[in-house]
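Please open the model in your viewer with the sequence panel beside it, and keep a selection tool ready.

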Amino acid sequence: MSPSQCLIPYVDPATASPDVAAALNRMPMKRHIFLLLSHAPGLFPPIMSTYGAFFQSKTRTIPLLDWQLIVLRIASTLKCAYEWDVNAPVARVHGMSAEVMEQVAVCQEISPGDDQTVFSERQRRILKLVDEQLQTYANEPATVKSLLEYLSYAELVEAIYVIGLYVMIARLVKSVGIDLDGEIPGLDNMIRAGVN
């Protein structure tokens, strides 16, 4: 067995507080990231509630593939292989093409109106929002106004929520390290059943 890549131990669900254990048990898949996040027992249940809300179309306004486009762009830009490995199957199972995923991974600069890419105009504008956020922690007013031609106010705000949450996860992973989760038997079916 190889040594752990993580600089801190994972929380053991068997010895975690009842609130933390309950939050861990609600997740459709067992992942190392949850065992890291749960080191903050007071914050973990509400963070997992927010995280879990992204998995359900009844609580998430932004379309699933827009959510995953944002997450994969964050993972590729911040070079967070773990975050990519966890989210790429969700995007793939729900219909994101291999070509789009490849182009997201390249992190090429995106220009709205450039129809020479595999991205739709909506995707290009979302990626521009993400790229600006990752570079400057803000957006140009023109970027936001342009995106509002495609997204509702709720979708725009959720997109920024997604950026904040998944950047935080990438920073945690890159700060303390993490081990890959390994193969999860039946993962595609779990994704189909647990993420909509």
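A nonpolar core, as the term is used here, is a set of buried Ala, Val, Leu, Ile, Met, Phe, Trp, Tyr and Cys residues joined through side-chain atoms within 4.5 Å, where buried means under 20% relative accessible area. Please keep in mind throughout that this is a predicted model.

**The core**

Begin by selecting Tyr51, Trp67, Ile70 and Tyr166, which are the residues with the most contacts inside the largest nonpolar core, a set of 64 residues. Helix α9 gives the most to this core, with eleven residues. In soluble globular proteins, nonpolar side chains tend to be buried together.

Now centre the view on Tyr166 and display its surroundings: leaving aside neighbours within four places in sequence, Tyr166 is in contact with Tyr51, Phe54, Trp67, Val71, Ile74, Glu83 and Asn87.

**Helix α3**

Next, select residues 44-53, which form helix α3, and colour its buried residues, namely Phe44, Pro45, Met48 and Tyr51. These residues lie on the same side of α3, because they cover an arc of only 120° around the axis.

**Ile62, in a loop**

Follow the chain onward into the loop between α3 and α4, where Ile62 is found. Is Ile62 buried or exposed? Ile62 counts as buried, because its relative accessibility is 1%, against a cut-off of 20%. Not counting residues up to four places away in sequence, Ile62 touches Trp67, Ile70, Glu155, Glu158 and Ala159. If you draw a distance from Ile62 to Tyr10, C-alpha to C-alpha, the two are 32 Å apart in space, with a separation of 52 residues in sequence.

**The two cavities**

The largest cavity has a volume of about 120 Å³, and of the 14 residues that line it, Met29, Arg31, Tyr51, Phe55 and Val86 lie nearest its centre. Helices α5 (81-93) and α10 (187-194) each supply at least two residues of this lining, and the largest share, three residues, comes from α5. By class, the lining of the largest cavity has twelve nonpolar residues, one polar and one charged.

For the second largest cavity, which holds about 60 Å³ of space, select Ile33, Tyr51, Tyr82, Glu83, Val86, Asn87, Tyr166 and Ile169, the residues that line it. The elements that give two or more residues to this lining are α5 and α9, and α5 gives the most, with four residues. The lining of the second largest cavity divides into six nonpolar residues, one polar and one charged.

**The largest pocket**

Finally, turn to the largest pocket, in which about 190 Å³ of space lies. Its lining is made up of Arg73, Thr77, Cys107, Gln108, Glu109, Ile110, Lys128, Asp131, Glu132, Leu134 and Gln135. Which helix gives the most to the lining of the largest pocket? Helix α7 does, with five residues, and α4 (64-77) and α7 (121-136) each supply at least two. Colouring the lining of the largest pocket by class will show three nonpolar, three polar and five charged residues.

Definitions and conventions: Residues numbered from 1 in each chain as written. Predicted model: local features only at pLDDT ≥ 70, side-chain atom pairs only at ≥ 80, totals over all residues. Heavy atoms only, no water. Buried < 20%, exposed > 50% of the residue type's maximum accessible area, 1.4 Å probe, protein only. Arc of directions from axis to C-beta. 1 Å grid on protein atoms, 1.4 Å probe; cavity = no way out; pocket = protein on both sides within 12 Å on 5 of 7 lines; lining within 4 Å. Points joined across faces, edges and corners; volume = space filled by probe spheres on them. Nonpolar A, V, L, I, M, F, W, Y, C, P; charged D, E, K, R; others polar. Contact = heavy atoms within 4.5 Å.
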